[in-house]
Amino acid sequence: MKDNDRLKRAIAFYFSVALFFTLLPILLSYSLGYKIDYKKFKIYKTGILYLNSTPAGASIYINGKLHTDLTPARIEELKPGSYNIEVKREGFYAWEKELTVRPNMVTKADGIVLFPMTQDLKRIVKYPIYDFVISDNKNRIYYMTGSGIFESNMDGSAVKKISPYSDWPRRIIGRKFSPDGTRLLYFNEYVVHLIYLNVDKSEAVSEDKAIVEQILISEYPIIDLFWYAGSNYIIVVSEKDISVLELLGGGRRNVALVYKFNTRPSNVYYDYSNNSLYFTDEKRELGLKEGNRLYRLDLSQSFFNKMLKFLMKMEAKKGHGEK
Amino acid sequence: MERNKFYKRLFEIIPGLLTWLTLGGLFMLAFVRPLWVAIFVITFDLYWVIRISYLSLLLLLAYRRLEREKKIDWLKRCAELKPPDGLYYKDIYHAVLFPAYREGLDILVPSISSLENANYPKDRMIVVISVEERAGQKAWDDVSSLKERYKDKFLQFIVTRHPDNIPGEVKVKGANATWGAKELKYFLDSKKINYSNVIISCFDADTCAEKEYFGCLAYHYITNPKRMQSSYQPIPVYNNNVWHARSIARLLELGSSFMQMIETMRLEKFVTFSSHSMSFKTLVDVGYWPVDMISDDSVIYWKCFLYFNGAYNVTPMYVTVSMDVATDKGIIPTIIKQYKQKRRWAWGIENFPYVMMGFRENKNIPMLVKMRRAFNILESHYTWAVWAIIITFIAPLPLIFGGGLFRQTAIGYNLPGVSATLFNISLFTIFVCIFITIRLLPPRPKDVKRSKVFVMIIQWFLSPLVAAVLGSTPAVDAQTRLMLGKYMHFYVTEKSRKK
């Protein structure tokens, strides 16, 4: 090897060694969160603050002082302690919090949401409405108005009148689509309306795309309704009892009383996956009130059998009466 | 004897054990002490960036030297030499030995033709092809046909068949090379040619020498006052089929070619590799190449090193010999072929127990020299086995296994950023590699599209991925086999060229 190359290599080698030993402490202290004060030959423990906001590009104030970086920002070499942090952006409400910076640790506030002062408000419909319902698949809005039922896309476009029905009950407590999305239960404490949506024109009596039918006027205040057996039955939970209302066919609808409450249930939940109704009721024994218990009513196949027996009994009674 | 066996096994175990302790230790510590691993990873990353920057500089220096010396008319220089010890170039014979297996004529003919095209007088060139008997009749017929074709072109064209099952031999290239060298010895004896005047070059079957190679070799041999105590190492390039090879194979071979160029700048570590040359007298004196070891190319250096009590070195020659890129038609077969070839190279770790046993017996080599050379072997193979795994697989472990608390620490938070920054800095070395690749490329064959030049450039951006897959794993494999005493057999890299 020529001496010139040998010299260059030696210089490069010793330079590399020197560079490694110079950079290593700097890199490690930076990574570990230490700050080296070269003037005083001292090492301090520091912490890191990470701020990110939606939207980004907000100004950061630390103890009232404006920081040079905008969000998202990583503020290093902060002495451990508490800091008053403000995140501000013009046109948005400011975010402010007291954050603690710990030695050699990272304090993160990366989910800051800045809310705009002027909301992006858009009027979807121009005419007065009583109520609206959004389909379960979230692609249609149905409007209950004084001149009928309307439907539109989610942005309010393509408005169409689908029914002239306008006799809406007040103080609605429930709006429930059937699992297949073709029917809507619309009810208040006493009256239940059933709205048939997307009615096949060949079957419809009028040109309307929706038909509204009042299917129940309850004796007791209704707490909740649940679809049962596809879309053919509904479970009606009132303050006094639980009953099942048949929707199939025309004429008189069969109603089966399933359970009578001792007291008004505080909560009712229907589990569609295993067809069970959970509710509270008071336990009473020998006329003594023993407080509420949680019950589960199995409405699966076994319930059907009971329902069948009940209906057969009813039919038999009806037969005797006719005789 | 038992004691020797014990030490040999100990030295076989040490490299693999060090590698596994490092990798396993770091893996375990990532669970229990992620902070320690993170500190180690940052330290290693910084070391690696500085190391490859330093090596890139050496590569540039070596390349500049190669460019400069390429223009030299070595034969003219030889003719003008007035050597003090009276050895003139006209007295020097070149013997070129090709230990062959089943390489066909399409591989061997270009290699012999390159000798024919060399500017060294052919009446002082001897070609020896030693073919393995187990390669079959076809291989023998091929080399016999070569004899017919070239017998009048050189001083002598020897073809010989290396028999199988010679006691003490295993199926390695060194055994074949030794057989060929002994055949050469018979010829030299019959012609009463002084061994000291014969330089033997042991070439792979696909090695094509440059026109100036033998002039350059003769010049360095004559001008070296201790010419017997030196091997002469050209720079291997893989130009024979580089335009037709798969990118992944090209990258790896170019990488090893660059490493050889770098090694020419680090003489204290320089060891013979692949095709190399040396005095025939020294070869006979040390008892030829090892007949029972795979890495014959480097072991012959250590044999000489021990024989001359440490006073043996490798003289770098800035001329190239061109070989084949180990490639295949599909990507997976190419990866497999490359993996096996690199594992064979990594099996060079067998040098460590060989050298250590030699050092134990040889009391004339200074202890400091022994320690330095042993460290060099161990360090290079250890680094080879761990670097890519640490950078690729160990680095993210503290974040994966360190838990939420670690991720909340400053170092847990900074580790990905610091590692990424250091990695990005290291990418500048890719531009050095691209520059040298373009400069060393042979002319584009007519059947290769012009756009392939672009591929030659962008292929380098695949290097981190290739390094992750094939950077360290062959070395870990080789060291583990040696550690467990599951010794490797010689794997002949199949040569294939586009016809």
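I count a residue as buried if 20 or more other C-beta atoms lie within 10 Å of its own, and as exposed if 12 or fewer do. The model is predicted.

Entry on helix α11 of chain B. I looked up this helix, residues 331-346, and found 16 residues. From first C-alpha to last, α11(B) reaches 22 Å, close to the 22 Å expected at 1.5 Å a residue. I then listed the buried residues of α11(B): B:T334, B:K337, B:Q338, B:Q341, B:K342, B:R344, B:W345 and B:A346. Their cover includes α8 (247-263), α13 (367-394), α19 (463-470) and α20 (473-484) of chain B.

Entry on B:N4. I placed B:N4 in helix α1 (residues 2-32) of chain B. B:N4 is exposed because 11 other C-beta atoms lie within 10 Å. I also checked B:N4 against B:T480, 476 residues apart along the chain, and got a C-alpha separation of 21 Å.

Entry on the cores. The largest nonpolar core has 161 residues, of which B:V41, B:A95, B:L97, B:V127 and B:I200 touch the most other members. Helix α2 (residues 34-70) of chain B gives the most to this core, with 17 residues. Leaving aside neighbours within four places in sequence, I found B:V41 in contact with B:I390, B:I394, B:A395, B:L415 and B:S419. A second, separate core has 35 residues, among them A:M144, A:Y186, A:L194 and A:W227.

Entry on the two chains. I found 20 residues of chain A in contact with 21 residues of chain B. On the chain A side, helix α1 (residues 3-32) gives the most, with 14 residues. That side divides into 13 nonpolar, 4 polar and 3 charged residues.

Notes
Residues are numbered from 1 along each chain as its sequence is written. Chains are lettered from A and ligands numbered from 1 in the order in which they are written. This is a predicted model: local features need pLDDT of at least 70, side-chain atom pairs count only at pLDDT 80 or more; totals for chains, interfaces and linings use all residues. Two residues are in contact if their C-beta atoms, placed from the backbone, lie within 7 Å. Helices (H or I, at least four residues) and strands (E, at least two) are DSSP runs, numbered from the N terminus. Ala, Val, Leu, Ile, Met, Phe, Trp, Tyr, Cys and Pro count as nonpolar, Asp, Glu, Lys and Arg as charged, and the others, Gly among them, as polar. The expected span of a helix is 1.5 Å times one less than its number of residues. A nonpolar core is a set of buried Ala, Val, Leu, Ile, Met, Phe, Trp, Tyr and Cys residues joined through C-beta atoms within 7 Å.
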